[in-house]
Amino acid sequence: MLNLIKNEWIKLFKRTGTFVMIGLIILLLTFVGIIIRSQENPDRGTGSENWEEQLQTEINNREQELKDIQNAPQSMIDSYQRDIAINKYRIEHNLSPHQDYSVWGFVYDASNIIQFAGLFVIIVAAGIVASEFNWGTIKLLLIRPISRGKILVAKYITVILFALLMLIISFAYSSLVGVILFGTPETTAPHLNYYNGTITEQNMGVHLIILYSLKSINMLMLATMAFMISAVFRNSSLAIGLSIFLMFAGGQLTAMLAQKFEWAKYILFANTELMQYIEGVPLIEGMTLAFSVMVLVVYFIIFQFLAHYVFHKRDVAA
Amino acid sequence: MSGVVKLQDVSKTINGKRIIDSLSFEVNSGEVFGFLGPNGAGKTTTIRMIVGLIGLSSGDITISGYSIKENFVKAISQVGAIVENPEMYKFMSGYQNLMQFARMSKGVNKEKVDEVVELVGLTDRIHDKVKTYSLGMRQRLGLAQSLLHDPKVLILDEPTNGLDPAGIREIRDHLRMLAKEKDMAIIVSSHLLSEMEMMCDRIGIIQAGRLIDVQRVRDFVNGAENSYQLEVSPKDEALLVAQQLFPTIKMSLTDNGIAGQLKKDDIPLLVNEFVSKEINIYGIKEISKTLEDRFLEVTDKKGEVTHA
Ligand SMILES: Nc1ncnc2c1ncn2[C@@H]1O[C@H](COP(=O)(O)OP(=O)(O)OP(=O)(O)O)[C@@H](O)[C@H]1O
Ligand SMILES: [Mg+2]
């Protein structure tokens with residue numbers, strides 16, 4: 001199995017496209033860093049002396065609004081309650097919301113690069129089986145003393161390793177850019193998590209790593225789907241097209257459906273944003289972290305089963 | 001000598017069309033088996049089934065006793081193959097390609113890779129990217145790939161496709177050598193009939209998915225009566241005499257004599273008869289049939305066969 005993964009890894013990195021992907025991520029992160037740096041407001045700190053008063057007015061406003069909008073959607077109420085709770089916590093524990101923009105802020109903002117990295121992971125996942133058919137090399141690959149299932153598993157693991165590499169590169173490089181352009185703060189305020197009415201403090205570094213991991217779940221599921229489509233239809237364009245479309249539109253479509261239908265909570269994209277359980281409110285009332293994880297596992301198993309079932313039975317007449 | 005590769009009643013139906021119909025034959029170790037048939041006869045389809053690329057609709061194929069259906073890994077580990085064109089990873093060198101395949105079989109080390117590269121005569125170019133290779137070089141790389149793990153069975157679909165005459169001869173010698181010295185069972189499909197004649201011990205003819213004949217090459221070529229041309233005069237009288245002597249054999253007039261499908265033993269009888277009837281004999285010529293003629297005769301599909 002190790003040899004198979006090594007083979008796949010070699011094939012991946014013998015192609016220039018792979019390096020272009022990594023290069024683009026590095027370029028983009030550098031670019032974003034420079035933009036933010038050049039727009040950085042030197043007066044960020046203004047008003048930071050009386051932040052407690054400001055927060056108090058915000059709290060009062062929110063509480064007033066809450067009374068006025070009795071029959072607003074639950075999600076809106078929840079989000080107001082969250083604001084209030086966090087602001088109260090800040091005042092009680094003397095945690096100013098005004099922090100100088102630093103490496104942490106940048107790494108946080110840069111976490112959106114994961115969407116971009118996800119794009120590349122989807123492209124790799126969509127190509128890793130389909131290309132063998134396009135190149136005709138599938139014939140030589142499948143007449144080795146190795147079962148088709150093992151070959152498919154090795155290919156999937158390679159996709160996951162590539163995704164991991166992209167994440168590590170994104171995280172490490174954005175930290176580097178962050179330190180160089182924005183410096184490290186003397187004290188790092190903890191991140192505040194709000195979930196189910198309680199507030200917990202979390203170390204900023206840990207928080208960011210969790211943020212990156214959770215944000216990449218979406219990418220992982222889409223890559224798995226692209227992999228499945230590629231194995232089932234032997235067509236990488238279809239796999240790439242559909243996956244990327246769903247990556248951009250899946251969330252919105254699901255949110256739209258979620259307003260009307262209860263069953264929308266079983267849609268994959270209603271469950272890929274696990275951040276909603278840590279710092280936000282669930283898309284549909286009654287959804288829990290455990291529920292989402294279950295749904296994700298079920299989708300994962302379906303994707304893998306389809307890929308293996310079809311790939312195993314396929315007549316290779318390329 | 002025992003059947004290493006056995007096909008038993010193998011059939012394949014694709015989209016309701018019976019492409020292979022109850023095919024059965026055996027290939028022994030130490031022999032080169034030629035798989036001959038016109039375009040679309042089902043040679044490649046059969047080879048695909050032997051190496052497990054496509055499933056069998058019915059029947060079974062065993063390699064060294066292991067069924068390709070039930071025991072794929074064991075069966076295929078004895079097989080090296082090229083199916084149609086040997087497509088490789090073009091963005092890698094020939095050597096890197098071979099290393100890919102070496103990692104997928106047990107016990108293939110770098111020395112073995114070098115040895116095989118040497119055998120197929122690619123040593124000079126093995127570190128160049130495959131996309132810079134000519135067709136013949138790719139064919140050689142394909143052969144190298146199939147020999148890496150010292151298979152007991154070698155299956156080559158049109159291995160000489162794209163090779164120059166020297167290359168064809170080389171392959172032929174390799175195959176004969178591998179069959180004799182390594183006791184391999186070798187299956188070769190080819191359109192180059194004359195070449196099959198020189199390379200194979202036995203030939204199986206397939207047409208429209210059915211095996212219509214399996215014979216030893218020598219029997220195959222000699223199987224038919226050869227035709228003889230006799231330069232004689234007067235030829236009209238000679239024809240009459242000959243027809244009286246052999247009423248069942250079809251004889252005909254030619255420009256300067258007569259011709260007919262005679263047996264070797266018939267010749268002295270005919271000559272004696274001509275001499276006694278005072279017919280002058282200037283020459284007797286044997287027109288022996290080539291494998292190609294026989295092949296066309298058996299398959300009766302003249303227009304569709306690629307000639308050597
Ligand atoms: N995937 C497929 N679907 C439908 N028909 C097919 C398929 N593959 C092959 N055939 C048909 O099966 C028959 C045998 O094809 P095959 O490729 O085995 O012939 P072949 O003997 O190798 O011919 P050639 O000498 O041209 O290589 C052909 O009539 C072909 O049209
Ligand atoms: Mg063919």
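## Elements around ligand 1

In chain B, β2 (17-28) and α1 each supply at least two residues of the shell around ligand 1. Helices (H or I, at least four residues) and strands (E, at least two) are DSSP runs numbered from the N terminus. With three residues, α1(B) gives the most to this shell.

This is a predicted model: local features need pLDDT of at least 70, side-chain atom pairs count only at pLDDT 80 or more, and totals for chains, interfaces and linings use all residues. Residues are numbered from 1 along each chain as its sequence is written, chains are lettered from A and ligands numbered from 1 in the order written, and side-chain values use heavy atoms, without hydrogens and water.

## Contacts with the ligand

The residues around ligand 1 number 13 (a heavy atom within 4 Å); B:Gly40, B:Lys43, B:Thr44, B:Thr45 and B:His191 come nearest.

A polar side-chain atom of B:Thr45 lies 2.5 Å from one. For B:Thr44 the distance is 2.6 Å, again from a polar side-chain atom. B:Ala41 uses a backbone N or O atom, at 3.3 Å. The protein covers 66% of the 640 Å² of accessible area that ligand 1 has on its own (Shrake-Rupley method, 1.4 Å probe).

## The sheet

Six strands of chain B form an open sheet with mixed pairing, in the order β6-β7-β8-β3-β9-β10. Strands pair if DSSP finds at least two bridges between them. β6 (79-82) and β10 (210-216) of chain B are the edges; each has a single partner strand, so one side of each lacks a neighbour in the sheet.

β6(B) runs parallel to β7(B) (residues 153-157), over four bridges. One bridge joins B:Ile82 to B:Leu156.

Definitions and conventions
A polar contact is a pair of N or O atoms within 3.5 Å; within protein, one must be able to donate a hydrogen and the other to accept it, and residues adjacent in sequence count only if both atoms are side-chain atoms.
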